Structures are given as C-alpha cells and as structure tokens.
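Here is my note on the model, point by point. Please read it with the coordinates open.

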Amino acid sequence: LQDIIPQPLLDQYLSMTDPARAQTVDTEIAKHCAYSLPGVALTLGRQNWHCLKDTYETLASDVQWKVRRTLAFSIHELAVILGDQLTAADLVPIFNGFLKDLDEVRIGVLKHLYDFLKLLHADKRREYLYQLQEFVVTDNSRNWRFRYELAEQLILILELYDPHDVYDYLRHIALTLCSDKVAEVRWISFKLVVAILRKFYANNASTLGLKFIKELIVRFRHCSKWVGRQAFAFICQVGMFSLCL
C-alpha cells in the first residue's frame, strides 16, 4: 500500500498488464502501460517501487516485442528514478535480458547505453566490457544504423573506463567498425579512433597511444586495398580537425 495516489487508481493501472486483457480488451494496452511506467514510478517515488516491481517484470517478459522495446528505451530513465541500489538489484537483470533480445529491442538499450552504464558502480560497469563486442553482430547485417549508433555510444562510454580497459576491449570494436561496408559507419568510427587516442594521451598512457598508432599504420596505412589507405587518411584528417578545435 501507498498514500501518494488513490489506491484504486493504481490497482486499475496494474491490472492492465494482465495478458488476458490484451487479448480481450486492447492488444496495445500493455505497450501503453510500459510507456507510462516511468511516469508512474516517478510519481510514487523509489520508496514505493515495490508496488511496481512485479508489473515491470511482467512487462519486460511480454511476448510482444513492442512492449519490451518500449521498456528498453526508458530503462535508463527508470534507473535515475530508482537509484543505484535498486537499479543493480532489479533493473540490471532485465537490462541483461534486453541485451540478448531482438534487434528491435536491443536498439532501445543501445541508444542510451552510456546513460545507463554511468549510473552503475565501477565494478558492475566493468562487467559489460565483455558484452559490448556483441553489439557488432545484428540479426540483419543490413542494419548499419545499429553499428553507427554503437560507435556514437562508444565515443561517450570512453570516459567511463580506464585506458587499459579501452585498449583491451574497446579498441578491437573500433577497428572492426573502421572496416565496415557502409561509409557512414566507417566515418563515425574514425571519430571513435581519434577519441581513443585522445583518451590515451589525456590520461598519461602514451605507451598505449603509440602501440595503437602503430597498429593503425600496419592495418590501414599499409593496407593492400585502397579503402584501407583511404581510412588512414580520413583518421588523420579527423585527428587534425580535432586538434584545431
């Protein structure tokens, strides 16, 4: 029980997630409930999260991917409302489930990946370094916007990890994206590469920076294909433009 809003009104909202109602009343009702849930949670406050927890888990496992997608797009907002302890206990397992869902659901998580990860404790956040590589693979290889979004998010995520973690994990993803078949993905990936280099030198990790530069020279400057050599030229261009700024 809670005393923020009339209990009958809350009970009516919670009953709308019943799968039977979706079949007999409105097939879109669960999606509307998912869309409204962050607002309901904000109104009730984190002290009354227990009123919504079961409903949220029910919606997160709904058979309709549109319902799960709606939650995936707003899970970072709910994390801000609930705070780090409730997020780690109740949202992280659902977040992990969304990571393995359909691309239509995963994109919701990916678009706000930085916003969610920055709310986690450093040790919990570090666990996701192993999973970021999975975003490179999509259900449909033609879905290049997915990989573009990944590169954009990684540029932001760099600040959350130390230089050695960036070198060991994120560097490989950046190099893979630099060789993408789609020019738009390659171009944003060149910006990611330059951001990684700036991360190294801004954190007194010049040794890692030099190793990465040598790898770029071998991989792109001396590439047998013109597209690789062109990539090296573009990386240099982006780097020089960043220095001018």
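1. Burial and basis. Of the 245 residues in the protein, 47% are buried (buried is under 20% relative accessible area, exposed over 50%, partly exposed in between; 1.4 Å probe, protein chains only). This is a predicted model, in which local features need pLDDT of at least 70, side-chain atom pairs count only at pLDDT 80 or more, and totals for chains, interfaces and linings use all residues. Residues are numbered from 1 along each chain as its sequence is written, and side-chain values use heavy atoms, with hydrogens and water left out.

2. Fold content. The protein has 13 helices and 0 strands. Helices (H or I, at least four residues) and strands (E, at least two) are DSSP runs, numbered from the N terminus. The C-alpha trace spans about 70 × 35 × 30 Å along its principal axes. Take the contacts between residues at least 6 apart in sequence: 68% of them join residues at least 24 apart. Contact here means heavy atoms within 4.5 Å.

3. Domains. The protein divides into domain 1 (1-131) and domain 2 (160-244). These bounds come from an automatic or database domain assignment. The C-alpha centres of domain 1 and domain 2 are 36 Å apart.

4. Domain interface. How much area is buried between domain 1 and domain 2? The value is about 680 Å², and carbon and sulfur atoms give 67% of it. Buried area is the accessible area (1.4 Å probe) that two parts lose on being put together, summed over both. Arg 125, Arg 126 and Leu 129 supply 70% of what domain 1 buries against domain 2, more than any other three residues. In contact terms, 8 residues of domain 1 meet 5 residues of domain 2.

5. Polar links across the interface. The rule finds 3 residue pairs in polar contact between domain 1 and domain 2, with both residues at pLDDT 80 or more. A polar contact is a pair of N or O atoms within 3.5 Å; within protein, one must be able to donate a hydrogen and the other to accept it, and residues adjacent in sequence count only if both atoms are side-chain atoms. On the domain 1 side, helix 7 (113-117) and helix 8 (122-126) are the elements that give two or more residues. That side divides into 5 nonpolar, no polar and 3 charged residues.

6. Salt bridges. The structure holds 8 salt bridges (a side-chain nitrogen of Lys or Arg within 4 Å of a carboxyl oxygen of Asp or Glu). The count between domain 1 and domain 2 is 1. The side chains of Glu 127 and Lys 124 form one of the 8, at 3.7 Å, N to O. Glu 127 is partly exposed at 42% relative accessibility. Lys 124 is also partly exposed, at 25%. Arg 126 in helix 8 and Asp 165 in helix 10 (residues 163-178) are 39 residues apart in sequence, so their pairing ties those parts together. Their side chains meet in a salt bridge at 2.8 Å, N to O. Arg 126 is partly exposed at 36%, whereas Asp 165 is buried at 5%.

7. Asp 101 and Arg 68 meet through their side chains in a salt bridge at 2.7 Å, N to O. Asp 101 sits in the loop between helix 5 and helix 6 (103-111), Arg 68 in helix 5, and the two are 33 residues apart. Asp 101 is buried at 17%. Arg 68 is buried at 12%.

8. Val 92. Is Val 92 buried or exposed? Val 92 is buried, with a relative accessible area of 4%. Val 92 belongs to helix 5 (residues 65-99). Leaving out residues up to four places away in sequence, Val 92 touches Thr 87, Phe 116, Leu 120, Lys 124 and Tyr 128. Leu 120 is 28 residues from Val 92 in sequence, and their C-alpha atoms are 9.1 Å apart.

9. Backbone check. Most residues other than glycine have a negative phi. Asn 204 is not a glycine, yet its phi is positive, about 55°. Asn 204 lies in the loop between helix 11 (183-202) and helix 12 (206-221). Asn 204 is exposed, with a relative accessible area of 75%.

Technical notes
Ala, Val, Leu, Ile, Met, Phe, Trp, Tyr, Cys and Pro count as nonpolar, Asp, Glu, Lys and Arg as charged, and the others, Gly among them, as polar.
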